[in-house]
Amino acid sequence: MNKGLTVLNLGFARTIHQWGNRDISSPFLRIYYARKGRARLHLPTGCISIEEGNMYLLPGYMPHTYDCDPGFEFYYLFVMLDQGNDAQVFDDYEFPLSVKGNEATRLLFENYCDLYPQLNLPSLSAEDFDHHPSYREYASAYRRMADYERLQLHGLVEILLSYFVKHARQRLLVKDDRIRRLMEYVATHLDEPVTVSQMASMVCLTESHLVKAFRKSLGITPLQYIIKKKIQHAQSLLLDTPMTVSEVARAIGMSDASYFIRLFKKNIGFTPQEYRERLIG
């Protein structure tokens, strides 16, 4: 059984009033199916209009804002992927933001919502999304489920993701084994200080050549990649554990909590405590 996947929420909602949410950057993957009405999704790359009958995939940590007209109806699925191979797939492949749904995908959402009503957020009103129990509580409830229930939910996630995988494009980076090795090293050493010089030595490159190789493959420098992955791990810890901010800093290999707070705010737009309060209250 895949232990790296936690289904947090699954349900149906509709808006009563004009509604939206700003500056979202959560650790979990989101899949939506738009059933009826109009909405807009704002991403760093631009704004798109949500279309009825389409599914939408937002990987974890992707910053976004959305606004919805009254009467907008949608199904939602929120999934936490552990750091490692499950989450790594979004580094390996470029996924489409939206794909065309069909009657089968609508029925999947509908039937699974009936099977697992405990995964619904508390209200059918989308406006109540901001007032829900802690996601930590949902994660704990999921882990208490029977094995067959988790397998059923894994099946749902894999079926829905398959629609997006069909149109995904493999990134250039997987063709460079040196970059692959370094990515895996960073993923397994998030709790330790990792330097660019250390990474360069591991693959027998100068630091300048390593920077060029990273830019070619990922579009960012090695240092930016290290920071990105550590901050993402910190987001997960803030959501899924009761660790203090100082403990989270140490868990991502940073002994200076003040530096961690400044770095987190620079990258996410909120302090770690503000971020935690926005997600779990």
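## Cysteines

The structure holds zero disulfides. This is a predicted model. Cysteine 47 is partly exposed, at 46% relative accessible area. Cysteine 68 is buried, at 3%. Cysteine 204 is exposed, with a relative accessible area of 70%.

Cysteine 204 sits in the loop between helix H6 (196-202) and helix H7 (207-218). Its backbone also stands out: phi is positive, at about 55°, although the residue is not a glycine. Cysteine 68 belongs to another setting. It is among the residues that lie nearest the centre of the largest cavity.

## Cavities

How many cavities of 30 Å³ or more does the model contain? The count comes to two. Rolling a probe the size of a water molecule over the atoms shows where empty space is left. The largest cavity has a volume of about 190 Å³.

Its lining is made by 15 residues. Nearest the centre lie Tyr32, Ile50, Tyr66, Cys68 and Phe72. By class, 14 lining residues are nonpolar, none is polar and one is charged. Strand E3 (29-36), strand E4 (39-43), strand E6 (54-58) and strand E7 (64-68) each supply at least two lining residues.

## Aromatic rings

Across the whole structure, a search finds 15 aromatic pairs. In one of them, the rings of tyrosine 112 and tyrosine 116 have centres 6.3 Å apart. Their planes meet at 25°, under the 30 degrees cut-off, so the pair is stacked. Both residues are buried. Tyrosine 112 has 14% relative accessibility, and tyrosine 116 has a relative accessible area of 2%.

Ring pairs also build a cluster. It links Phe28, Tyr32, Phe72, Phe74, Tyr76 and Phe78. Arginine 30 lies over the face of phenylalanine 78, at 4.9 Å from the ring centre.

## Positive phi in two loops

Most residues other than glycine have a negative phi. Tyrosine 61 has a positive one, near 75°. It is found in the loop between E6 and E7. Those two strands are among the elements that line the largest cavity.

Is tyrosine 61 buried or exposed? At 14% relative accessibility, tyrosine 61 counts as buried, because the cut-off for that class is under 20%. Cysteine 204, the other positive-phi residue described here, has phi at about 55°. With 70% relative accessible area, cysteine 204 is exposed.

## Contacts across the sequence

Leucine 119 is in the loop between helix H2 (103-115) and helix H3 (135-143). At 3% relative accessibility, leucine 119 counts as buried. Its C-alpha is separated by 7.5 Å from that of tyrosine 138, 19 residues apart along the chain.The loop between helix H8 (222-240) and helix H9 (245-251) holds threonine 244. Proline 242 lies in the loop between H8 and H9 as well. Threonine 244 is partly exposed, at 41% relative accessible area, whereas proline 242 counts as exposed, at 65% relative accessibility. Threonine 244 and glutamine 273 are 8.9 Å apart, C-alpha to C-alpha, and 29 residues apart in sequence.

Leucine 210 has its place in helix H7. Is leucine 210 buried or exposed? Its relative accessibility is 0%, so leucine 210 counts as buried. Its C-alpha and that of isoleucine 179 are separated by 8.7 Å. Along the chain, leucine 210 and isoleucine 179 are 31 residues apart.

Note on methods:
Residues are numbered from 1 along each chain as its sequence is written. This is a predicted model: local features need pLDDT of at least 70, side-chain atom pairs count only at pLDDT 80 or more; totals for chains, interfaces and linings use all residues. Side-chain values use heavy atoms; hydrogens and water are left out. Rings of Phe, Tyr and Trp (its six-membered ring) pair if their centres lie within 6.5 Å; planes under 30 degrees apart count as stacked, over 60 as edge-to-face and the rest as tilted. Buried means under 20% relative accessible area, exposed over 50%, partly exposed in between (1.4 Å probe, protein chains only). A charge sits over a ring if NZ of Lys or CZ of Arg is within 6 Å of the ring centre and within 35 degrees of the ring normal. On a 1 Å grid over the protein atoms alone, a cavity is a set of points where a 1.4 Å probe fits but cannot get out, and a pocket is an open set with protein on both sides within 12 Å along at least five of seven lines; lining residues have an atom within 4 Å of a point. Grid points are joined across faces, edges and corners, and a volume is the space filled by probe spheres set on the points. Helices (H or I, at least four residues) and strands (E, at least two) are DSSP runs, numbered from the N terminus. Ala, Val, Leu, Ile, Met, Phe, Trp, Tyr, Cys and Pro count as nonpolar, Asp, Glu, Lys and Arg as charged, and the others, Gly among them, as polar. A disulfide is a pair of cysteine sulfur atoms within 2.5 Å.
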